[in-house]
Amino acid sequence: MIKVAPSILSADFANMSLDVKTVEEAGADMLHIDVMDGHFVPNITIGAPVVKSLRKVTDLVFDVHLMIDNPEQYIKDFALAGVQIITVHAEASKHLHRLLQMIRNEGVKTGLALNPATPISVLEHLLDDLDMVLIMSVNPGFGGQKFIPAIYDKISLTRKYLSEKNRHIPIQVDGGIGLDNIKKVCDCGAEIIVSGSAIFNSDSIKETIWLMKKADEVE
Ligand SMILES: O=C(CO)[C@H](O)[C@H](O)COP(=O)(O)O
Ligand SMILES: [Co+2]
């Protein structure tokens, strides 16, 4: 079954805890939390204090997607806020190996995100340090963008590369995914699907998550 990680970027920020409970009850596998700083990406969202407050209202795994400069400065804050996965961008640090070690030293799982233009070769010397790879299928910064078609091949290439290296590292894909393309994304090798606008703007959050999780069973 497909793992679905609703992105709270498209939730109602004034009623965040309600929206989080709704996706939890609807069977979400984790909660994707988009952190943006207005520097790495041209948008600002939330920081560790808000994540810490959300921690009190749900048992969902917190999957934090850091779209920020100087991620090294904030790892401890997010770990203390009670998150389980911290994903950093390959483009945001000169010292990726040290950064991933820093995350694991806090007892948190690591994810490495690649912008659409970033080649997968960056994974080569980091395979021992990765618990998840995040392939961006939009340029980060905003919800509601269109999936970039060239990313289908990138997902397939990443899956092939990881298999050849005998690594069972899950591939997460983020951006522009809805009921119309989720199956194709998973057929290419994605295991965890991030989806914001397609879930929160749908008529029924519950039904959309259920249909997404089952999408790989449809012929
Ligand atoms: O990281 C992100 C944007 O930078 C979001 O997770 C992503 O865009 C999800 O939203 P949508 O499904 O609406 O594209
Ligand atoms: Co994201």
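Helices (H or I, at least four residues) and strands (E, at least two) are DSSP runs, numbered from the N terminus.

## About the model

This is a predicted model, in which local features need pLDDT of at least 70 and side-chain atom pairs count only at pLDDT 80 or more, while totals for chains, interfaces and linings use all residues. Residues are numbered from 1 along each chain as its sequence is written, and chains are lettered from A and ligands numbered from 1 in the order in which they are written.

The shell around ligand 1 holds 23 residues, of which Ser7, Pro140, Gly143, Gly196 and Ser197 come nearest. A residue is near a molecule if its C-beta atom, placed from the backbone, lies within 6 Å of it.

At least two shell residues come from each of strand 2 (31-36), strand 3 (62-67), strand 8 (192-195) and helix 7 (197-200). By class, the shell has 13 polar, eight nonpolar and two charged residues. Here Ala, Val, Leu, Ile, Met, Phe, Trp, Tyr, Cys and Pro count as nonpolar, Asp, Glu, Lys and Arg as charged, and the others, Gly among them, as polar.

## Active-site annotation

An unreviewed UniProt entry places the feature "active site" at Asp34 and Asp174. They are spread over 141 residues of sequence, yet cluster in space, with a largest C-alpha distance of 10.6 Å. UniProt positions are given in the numbering used here, feature names are shortened, and annotations may be inferred rather than shown by experiment.

Asp34 is found in strand 2. Asp34 is buried because 24 other C-beta atoms lie within 10 Å; the cut-off for buried is 20 or more, with exposed meaning 12 or fewer and partly exposed in between, and C-beta atoms are placed from the backbone. Leaving aside neighbours within four places in sequence, Asp34 is in contact (C-beta atoms, placed from the backbone, within 7 Å) with Ser7, Leu9, Thr45, His65 and Met67.

Asp174 belongs to strand 7 (residues 171-174). Asp174 has 25 C-beta neighbours inside 10 Å and so counts as buried. Beyond four places in sequence, the contacts of Asp174 are His65, Leu134, Met136, Ser137 and Val194.

## Binding-site annotation

For "binding site", the unreviewed UniProt entry lists residues including Ser7, His65, Gly143, Asp174, Gly175, Gly196 and Ser197.

Gly175 lies in the loop between strand 7 and helix 6 (182-187). With 26 C-beta neighbours inside 10 Å, Gly175 is buried. Its contacts beyond four places in sequence are Met136, Ser137, Val138, Gln145 and Phe147.

How values were computed. Two residues are in contact if their C-beta atoms, placed from the backbone, lie within 7 Å.
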